[in-house]
Amino acid sequence: MILEDRVWQSIHDCIVVRKHKRAQTGFTNFNCPMCHEHRLRCGVINSDGVTTVSCFNCQSKFSYRFGFRVNQEMRTFLSSLGIPDREVAGLVYYADQIRREVADNPQLQRSLNIVVTTEFPSVALPSGARALEEWCKDSCDDTDFLATVAYLLSRGDGAVHATTYYWTPRRALRRRLIIPCYQDARLVGWVARAVDPEVTQRYHKELPGNYLFNTQFLTGKRRFVPIVEGAFDALLIDGVAALGASLVEFDLEPLYETARLLYEGPWVAERYLVIRDLLASSPDAIHPVTREITIAGARLSAADTFAALYRLQVLRKISERAFAGIDALVLPTAPTAYSTAQVLANPVELNSRLGTYTNFVNLLDLCGLALPAAIRPDDIPFGITLLAPAGHDAQLASIGRVFHADTGLTIGARNLPQPPLAALPADNNGDEIAIAVVGAHLSGMVLNGELKALGGRLLESTLTAPDYRLYALATTPPKPGMLRVAAGAGSSIAVEVWALSAAAFGKFVAAIPPPLSIGTVRLADGRGVKGFIVEPADIDGARDISAYGGWRAFMAEKVAV
């Protein structure tokens with residue numbers, strides 16, 4: 001394989017024909033195609049195999065490194081440059097092929113300065129670090145050590161006995177609880193949790209970049225991968241389930257910034273207007289906490305309001321781009337649980353903290369679904385929330401029902417078992433048309449996004465009748481061709497049946513390039529649905545891969561080889 005950075009080349013080719021200028025920093029500046037500004041405030045640079053895009057107008061910033069996957073932000077940027085969706089899909093597929101080639105070739109990794117490793121190097125704990133038990137045996141009375149122990153005890157018995165913790169009198173770490181991180185019983189890193197709640201940087205980490213904490217305790221029987229924010233959560237609970245999904249990096253800072261707008265911006269003034277007269281006439285009739293928060297709205301100006309509204313529009317655009325590449329965002333429903341006494345003692349701060357993962361939802365016009373996830377060893381419940389853009393409630397419900405069933409949690413105060421998860425009907429609704437896909441449009445494959453972009457929904461995974469032969473065609477990206485033969489003279493081929501509205505079906509079919517076409521595909525149960533087929537004249541010289549039983553199995557073996 002000839003190694004070409006086709007992603008960068010495509011970006012370069014699109015920009016050089018537009019109005020642009022070269023900056024002294026090495027960036028090429030041009031008008032941002034995402035926010036449509038006209039002052040050359042977007043810059044792109046390729047350095048050491050990394051293509052970076054940065055817009056000073058809409059605050060977008062993302063990159064692509066040759067030898068790695070193309071992330072969703074870069075895909076959106078490529079489309080905004082006017083590159084057709086099929087060409088973008090081809091670039092994504094090519095980049096993934098390069099990634100696989102590099103992963104198995106140490107010489108290429110060195111030439112591209114890429115480190116690919118699944119085994120992390122062993123490290124040592126911070127200097128002076130000893131297990132808490134050892135410090136206790138020595139009757140250590142250091143005030144910082146005692147504060148660290150008190151913090152651990154405050155997290156409950158489940159936390160105390162979850163692992164062996166460490167402490168060091170080192171100045172930078174003396175008010176932190178050190179949690180070791182292992183891989184195959186080897187220490188490969190550590191995190192130091194601040195014991196003071198006012199500390200902004202809760203965790204100080206010395207870890208490999210792609211390390212997942214606590215995976216050594218996962219069992220192979222579960223379908224879930226715990227993905228939680230902090231080490232304590234990973235130790236105390238089963239965590240967030242992935243349900244076989246592909247996990248992608250997601251920057252939460254724009255969401256946090258939106259949440260700050262809710263309580264620090266003009267939306268407080270909106271609440272102030274509602275109770276302004278009551279505040280003036282009978283302030284004591286309003287709860288003190290509500291009064292304290294709302295009265296701040298009287299100090300905001302019209303300029304503050306417009307500034308916040310403009311910023312919210314930018315944050316909504318960032319949110320839209322981020323959600324475009326995922327089915328749902330999974331977050332804890334709340335970062336922790338407080339007692340009634342704790343909330344009464346510090347109501348404003350603790351209530352705000354409880355809304356860490358939800359305060360931004362309304363302003364960004366998102367929908368959410370809260371779900372029970374686990375019961376901690378101290379009997380405190382933990383839940384997750386699924387988030388998606390408005391109008392995706394049914395999709396969240398579909399994910400949530402499966403997640404909830406898999407937790408095995410009982411229902412209600414009487415601890416009744418959950419009823420068996422009912423199968424969903426595979427029927428298409430209204431004017432929907434069922435279409436069988438056999439190759440690159442399968443779930444998780446390179447062109448599946450075309451179906452999702454048209455509102456397609458997966459009805460079922462099934463097999464065709466044994467009346468077909470499957471061939472690997474010489475297309476880009478690679479696709480199969482399914483040819484119908486005499487009844488019973490072929491193989492049963494794995495397919496997925498998707499549903500598209502009549503309008504979407506028309507758009508989808510119109511965009512199908514030769515040599516593929518749409519015909520009627522007979523399924524194993526005798527039903528006939530529309531689906532991808534190929535004509536006999538188009539399989540000359542193509543490899544017969546029917547023995548694999550489907551395109552996914554063929555591609556899996558091809559990648560493995």
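**Entry 1: α2 and the sheet**

I began with α2, which lies across β2, β4 and β5 and runs at about 100 degrees to β5. I note here that the model is a predicted one. Next I looked up which residues of α2 (residues 72-80) are buried, and found Met 74, Phe 77 and Leu 78. Seen down the axis of α2, the buried residues fall within an arc of 100 degrees, so they line one face of the helix. I recall that an α-helix has 3.6 residues a turn, so residues three or four places apart point the same way. Just after α2 I came to Gly 82, whose phi is positive at about 95 degrees.

I then turned to the sheet. I find 5 strands in an open sheet, ordered β1-β2-β3-β4-β5, with antiparallel pairing. Its edge strands are β1 (20-22) and β5 (61-65), each of which pairs on one side only. For the twist I noted an average of 20 degrees from one strand to the next.

I also checked how β4 (residues 50-55) is joined to β5: there are 5 bridges, and the two strands run antiparallel.

Helix α1 lies across β1, β2 (28-30), β3 (42-47), β4 and β5. Its direction is at about 140 degrees to β3.

**Entry 2: backbone exceptions**

I went through some backbone angles with one reminder in mind: most residues other than glycine have a negative phi, and most peptide bonds are trans.

I found that His 36 has a positive phi, near 60 degrees, and is not a glycine. I located His 36 in the loop between β2 and β3. Is His 36 buried or exposed? I read a relative accessible area of 54% for His 36, which means exposed, the cut-off being over 50%.

I listed Asn 415 too, with a positive phi of about 55 degrees although the residue is not a glycine. Asn 415 sits in the loop between α15 (393-407) and β14 (433-437).

Among peptide bonds, I noted a cis one joining Pro 514 and Pro 515, with omega at about 10 degrees. Pro 515 belongs to the loop between α17 (502-510) and β19 (516-522).

**Entry 3: α9 against α10**

I looked up how helix α9 (residues 253-264) packs with helix α10 (residues 266-281). The angle is about 30 degrees and the axes are 4 Å apart. On the α9 side of the contact I list Leu 261, Leu 262, Tyr 263 and Glu 264. These meet Pro 266, Trp 267, Val 268 and Arg 271 of α10. I sorted the residues of this contact by type and got 6 nonpolar, no polar and 2 charged.

How many residues of strand β16 (residues 468-473) are buried? I count 5 of the 6, so β16 is largely enclosed by the rest of the structure.

I then followed the pairing of β16. Strand β17 (residues 479-484) is joined to β16 by 6 bridges, and the two run antiparallel. Within this pair, Leu 470 stands opposite Met 482 of β17. I note that β16 and β17 form a hairpin, with 5 residues between them.

Strand β21 (residues 543-544) is also joined to β16, by 2 bridges, and runs antiparallel to it. Here I found Ala 472 opposite Arg 543 of β21.

Methods
Residues numbered from 1 in each chain as written. Predicted model: local features only at pLDDT ≥ 70, side-chain atom pairs only at ≥ 80, totals over all residues. Heavy atoms only, no water. Buried < 20%, exposed > 50% of the residue type's maximum accessible area, 1.4 Å probe, protein only. Arc of directions from axis to C-beta. Axes fitted to C-alpha atoms, helices over the stretch in contact; angles between N-to-C directions. Contact = heavy atoms within 4.5 Å. Nonpolar A, V, L, I, M, F, W, Y, C, P; charged D, E, K, R; others polar. Pairing = 2+ DSSP bridges.
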